[in-house]
Amino acid sequence: YGETVATTEAVLPQLVESLDELGSMPPDRAGVGAWLERSTALMSDVLGNNGGAKMGVDAALHDMAGKALGLPVWQLIGTSDRLPPTDYSLGIDDPATVAERAKRVAHFPALKIKVGGPSDIETLEAVRAVFGGPLRVDANTGWEPEQAASLIPELERLGVELVEQPFKARMLPELRWLRERSSLPIMADESAVFEDDLPMLEGVVDGVVVKLAKCGGIGPALRMIRRARSLDMKVMLGCMVESSVGVAAAAMVASEVDWLDLDGNLLLADDPFEGLELGHDCRWQLPDAPGLGVRRRG
């Protein structure tokens, strides 16, 4: 989405400055909710995109508000600590390598396989040989319409339960065309960045992938999820490769979705934060402590 370390460093001062109009944090929960909504609006007035940078500020504000009121963020925003389990994502590689990785993470209840290369079915066959649970495929805009339609029966045979973003972001007529021919749910990711994208996706896809780093934070994500529900869409909650701060922030709204793809911090060699724990059932354990429940290591 065009964000880099340099762009984030450049826009953060603008985002923080925009909050000068926010005023002091109210002392009560209802007032804090309106205060956090106002922060989202102020940041959006300054910048239309830069969802990752906005997410960082938004997560910090929610953490601060939760600590001020003595509430974990999930209680502050009115969600639940009962979450679906997360899947685990495997990137594109040769089939044998992907299968070997699948074997190492076979304790996860579902795997998401990145596809869009020359060996998609061969890769899924290799994974299926070592993993018996549901598979989810993410084409990352890598397919063409006729190719996708021809693959759907094979995906169904291999136990795939959904197909994520088969085409480029704005190929909406093609997404509708595929959905009409698919026995599997078609999910939009790159086509569904903000809440305002949802009306044009109604009847085009079966569901959307919400990510805090796309839409700008906890509040925008929760509104996007609830808007998708009102349009009778399924929802997957995803992430980028993120620290435990990003994944913890997303986990605060995770009780509201159908599928969870929150594994970004598990892909890091050196996560700079701690405190977010994955249960034996692959469900994130939300904290009882105030705020997001994570802290910087050391």
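This is a predicted model: local features need pLDDT of at least 70, side-chain atom pairs count only at pLDDT 80 or more; totals for chains, interfaces and linings use all residues.
Student: Thanks! Which residues of H3 are buried?
Tutor: The buried ones are Gly51, Ala53, Lys54, Met55, Val57, Asp58, Ala59, Leu61, His62, Asp63, Ala65 and Gly66.

Student: And what covers them?
Tutor: The cover includes several other helices: H1 (5-18), H2 (29-46), H4 (73-77), H10 (212-215), H11 (218-230) and H12 (244-251).

Student: How far does H3 reach from its first C-alpha to its last?
Tutor: H3 spans residues 51-69, which makes 19 residues, and it reaches 26 Å. That is close to the 27 Å expected at 1.5 Å a residue.

Student: What happens just after H3?
Tutor: Gly70 comes there, with a positive phi of about 70 degrees.

Student: Let's switch to salt bridges. How many does the structure hold?
Tutor: It holds 23 salt bridges. One of them pairs the side chains of Lys114 and Asp138, at 3.9 Å from N to O. Lys114 lies in strand E2 (residues 111-114) and Asp138 in strand E3 (residues 135-138), so this pair ties together parts that are 24 residues apart in sequence.

Student: Is Asp138 buried or exposed?
Tutor: Asp138 is buried, because its relative accessible area is 2%.

Student: What about Glu125, which residue does it meet in a salt bridge?
Tutor: The side chain of Glu125 meets that of Arg157, at 2.6 Å from N to O. Glu125 sits in helix H6 (residues 120-128) and Arg157 in helix H7 (residues 145-157), so the bridge ties together parts 32 residues apart in sequence.

Student: How accessible are Glu125 and Arg157?
Tutor: Glu125 counts as partly exposed because its relative accessibility is 34%. Arg157 is also partly exposed, at 46%.

Student: Where does Glu154 come in, and how far is it from Arg157 along the helix?
Tutor: Glu154 and Arg157 both lie in helix H7, 3 residues apart, or about one turn of the helix. Their side chains meet in a salt bridge too, at 2.8 Å from N to O. With a relative accessible area of 30%, Glu154 is partly exposed.

Student: New topic: how many disulfides does a search of the whole structure find?
Tutor: The search finds 0 disulfides. Take Cys215: the nearest cysteine sulfur belongs to Cys239 and is 13 Å away. A disulfide needs the two sulfur atoms within 2.5 Å.

Student: Is Cys215 buried or exposed?
Tutor: Cys215 is buried, since its relative accessible area is 9%. Cys239 is buried as well, with 10%.

Student: Last one, about the surface. Which residues form a nonpolar patch there?
Tutor: Val241, Leu267 and Leu268 do, with about 240 Å² of accessible area together.

Student: Where is Val241 found?
Tutor: Val241 is in the loop between strand E7 (234-238) and H12. Its relative accessibility is 56%, so it counts as exposed.

Key:
Residues are numbered from 1 along each chain as its sequence is written. Side-chain values use heavy atoms; hydrogens and water are left out. Helices (H or I, at least four residues) and strands (E, at least two) are DSSP runs, numbered from the N terminus. The expected span of a helix is 1.5 Å times one less than its number of residues. Buried means under 20% relative accessible area, exposed over 50%, partly exposed in between (1.4 Å probe, protein chains only). Contact means heavy atoms within 4.5 Å. Patches are made of residues with over 30% relative accessible area and no salt bridge: like charges are joined within 9 Å, nonpolar side chains (Val, Leu, Ile, Met, Phe, Trp, Tyr) within 5 Å. Accessible areas come from the Shrake-Rupley method with a 1.4 Å probe; for residues, only the protein chains shown count as cover. A salt bridge is a side-chain nitrogen of Lys or Arg within 4 Å of a carboxyl oxygen of Asp or Glu.
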